[in-house]
Amino acid sequence: MANKVVVLFSGQGAQKVGMGKDLVEAFPAARALFEKADAALGRSLSAVMFEGPDEELTRTGNCQPALYLHGLACLAVLKEKLPEIEIVTAAGLSLGEFTAHAAAGTFSFEDGLKVVEQRGAFMEEACNATEGGMAAMIGGSEEAVEKLAAEADIDVANFNAPGQIVVSGSVEGVDKAVAGAKEGGIRMAKKLKVAGAYHSRLMQSAQDKLAPVLAETAISMPSIPVYSNYKATAVADEAEIRETLEKQVTGSVRWTESMQAVIAEGNTTFIELGPGKVLAGLMGRIDKSATVYSVDDVASLEEAVTALS
């Protein structure tokens, strides 16, 4: 079996109603985590995850802790089914970076959950206070997208994969970028259905509110390398963990660069923990030599365990 694996955790947008329900029914380890989460938050996050409605789960203040909890429950049952597996590195897309840190022991499950819930609430407040949007730029170079964003006075939010980059900022700026995309050498531009301008300067108020929360959170060095979205490198010390988790709220998610760096370390086997197969799809565009197993429910867990055994 492939003993050494990298775990990857999903970002906002991957959530779906029903996430985690069959894991909780099948595995006491997953059930214990869900009960611990509801107790820590003083509300039934699990009910929102299992029953929805979709609009309620999609709210930033709910979907961020939901994805954090689901990712760590997937990890718990994977470790139970494959105790011999060696996790050598962790990374996560945007919100998923917090889940990666919890998986690596940077902070406790409960502490991370509370930070993530507050991060979601702060970002929701920033969305409501600003007029922002996002758009996917498909089939353009990083240089072309950066130039277009600068001309439209908006930011580059996500370098997800070669030819798949997301811009973020004011509604007017995003509209301007979408209108000028073809002329700028980008094959297609598509506005995204989001609540606001994530990973842009319009999230500055959320970043400012998150900073003192991170400062008060007990943080230690992770047991394995955890890659930062903001710097696209493994974090070096506790101060850098706080800095990178704070600055990624307005900073670009440098996912392509992060994955290339992880692969350059000799890693070839990845396990995506979270709903859907978004990260596996991105990896297919970043480096086809990497193998990604996606785990989000009992059926996909069994498939991954069989393949990795």
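Mentor: Let's begin with a term: a residue counts as buried when its relative accessible area is under 20%, and as exposed when that area is over 50%. Please also keep in mind that this is a predicted model.

Trainee: Okay, so is Phe50 buried or exposed?
Mentor: Phe50 has a relative accessible area of 19%, so Phe50 is buried.

Trainee: And Phe34, buried or exposed?
Mentor: Phe34 counts as buried too, because its relative accessibility is 3%.

Trainee: How many aromatic pairs are there?
Mentor: The count comes to 2 aromatic pairs. In one of them, the ring centres of Phe34 and Phe50 are 5.4 Å apart and the planes are at 25°, which is under the 30 degrees cut-off, so this pair is stacked.

Trainee: Which parts does that pair tie together?
Mentor: Phe34 belongs to helix α2 (residues 28-41) and Phe50 to helix α3 (residues 45-51), so the pair ties together parts that lie 16 residues apart in sequence.

Trainee: Switching topic, how much space is in the largest pocket?
Mentor: The largest pocket holds about 860 Å³ of space, and the elements giving two or more residues to its lining include α5 (60-81), α7 (109-129) and β4 (155-161).

Trainee: Which residues lie nearest its centre?
Mentor: Of the 33 lining residues, Gln12, Gly13, Ala14, Leu192 and Val194 lie nearest the centre, and the lining as a whole divides into 15 nonpolar, 12 polar and 6 charged residues.

Trainee: What does UniProt list for residues 8-305?
Mentor: An unreviewed UniProt entry lists them as "domain: Malonyl-CoA:ACP transacylase (MAT)"; over that stretch the chain is 51% helix and 15% strand, with the end C-alpha atoms 16 Å apart.

Conventions:
Residues are numbered from 1 along each chain as its sequence is written. This is a predicted model: local features need pLDDT of at least 70, side-chain atom pairs count only at pLDDT 80 or more; totals for chains, interfaces and linings use all residues. Side-chain values use heavy atoms; hydrogens and water are left out. On a 1 Å grid over the protein atoms alone, a cavity is a set of points where a 1.4 Å probe fits but cannot get out, and a pocket is an open set with protein on both sides within 12 Å along at least five of seven lines; lining residues have an atom within 4 Å of a point. Grid points are joined across faces, edges and corners, and a volume is the space filled by probe spheres set on the points. Helices (H or I, at least four residues) and strands (E, at least two) are DSSP runs, numbered from the N terminus. Ala, Val, Leu, Ile, Met, Phe, Trp, Tyr, Cys and Pro count as nonpolar, Asp, Glu, Lys and Arg as charged, and the others, Gly among them, as polar. Rings of Phe, Tyr and Trp (its six-membered ring) pair if their centres lie within 6.5 Å; planes under 30 degrees apart count as stacked, over 60 as edge-to-face and the rest as tilted. Buried means under 20% relative accessible area, exposed over 50%, partly exposed in between (1.4 Å probe, protein chains only). UniProt positions are given in the numbering used here, feature names are shortened, and annotations may be inferred rather than shown by experiment.
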